[in-house]
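Please open the model in your viewer and keep the selection panel at hand. The stops below go from the whole chain to a single side chain.

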Amino acid sequence: YIGRSEERKRIAKDLHDEFGALLSTTKMYLSTLNKDNLDTDTLKKSINAVSEGLNTLHKITNDIYPSALNKNNLNNAIKDMIHENCSRIDIKTTTNIDVIEIDKLFDQKSKAQIYWILKEIIINTIKHSHSKTLNIYFYENKKELVINTKDEGVGILNDLESNKRNGITNITNRVEILGGSIEMLNAYNKGLEYLIKIPILYV
């Protein structure tokens, strides 16, 4: 419940800070206009502010439910995510994503959380690990899905660096929302490994 509460706080803060601020700016611009003062520059600023607001709203709602899952099932969405993020910077990825039909094991809300867990791991690997490889494996038993990821990078060097990695907190919170468990195996210059267990919720 703590993870879910933190997620709601984050979404509310994003809506207030980002989207709310853009709406206020747009209102300010529009309030200066009237039929006798149709300033072209102000109109352009208003249109740009609305456009930026729509993009921000899309980003926030996409964080709640990834648009990739509207187009694909979870398996294909994960494969596309791996390709889009790892292939473009030459991180060699090994995965058995085609072996298990993960999409059939969970409801829509759970699938969204799993998608974002993997996205956070991939982004963290790209930003911090300096690794050229990332292994992502999935295992299924009667009660849970096991996600095992491992890179061969620098690992987490110290507690201070760990605290700076907001992605780790996000991953942990999402695993908690799913009622799962997470274990991190860290070794200096030998990489970082995640072992995540998520109770299966058949739909």
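Two strands are taken to pair if DSSP finds at least two bridges between them, and the elements themselves are DSSP runs numbered from the N terminus, with at least four residues for helices (H or I) and at least two for strands (E). This is a predicted model, in which local features need pLDDT of at least 70 and side-chain atom pairs count only at pLDDT 80 or more, whereas totals for chains, interfaces and linings use all residues. Residues are numbered from 1 along each chain as its sequence is written, and side-chain values use heavy atoms, with hydrogens and water left out.

**Whole protein.** Colour by secondary structure: the protein has 7 helices and 5 strands, arranged along the sequence as α-α-α-α-β-α-β-β-α-α-β-β. Of its 203 residues, 39% are buried (under 20% relative accessible area with a 1.4 Å probe, protein chains only). Among contacts (heavy atoms within 4.5 Å) with a separation of 6 or more, 69% are between residues 24 or more positions apart.

**Strand E3.** Select residues 144-151, which form strand E3, and note that 6 of these 8 residues are buried.

**Asp151.** Now select Asp151, which lies in strand E3. Which side chain of opposite charge is nearest to Asp151, and how far away is it? The answer is Lys150, at 6.2 Å, and the buried Asp151 has no salt bridge (a side-chain nitrogen of Lys or Arg within 4 Å of a carboxyl oxygen of Asp or Glu); for charge, Lys and Arg count as positive and Asp and Glu as negative, while His and the chain ends are not counted.

Display the backbone nitrogens around Asp151 next: that of Gly153 lies 2.9 Å from a polar atom of the Asp151 side chain, and that of Leu192 lies 3.1 Å from a polar atom of this side chain. Finally, show the residues that Asp151 touches, which, leaving out those up to four places away in sequence, are Thr125, Ser129, Ser131, Thr133, Leu134, Lys190, Gly191 and Leu192.

Note on methods: Buried < 20%, exposed > 50% of the residue type's maximum accessible area, 1.4 Å probe, protein only. Polar contact = N/O pair within 3.5 Å; in protein donor to acceptor, adjacent residues only side chain to side chain.
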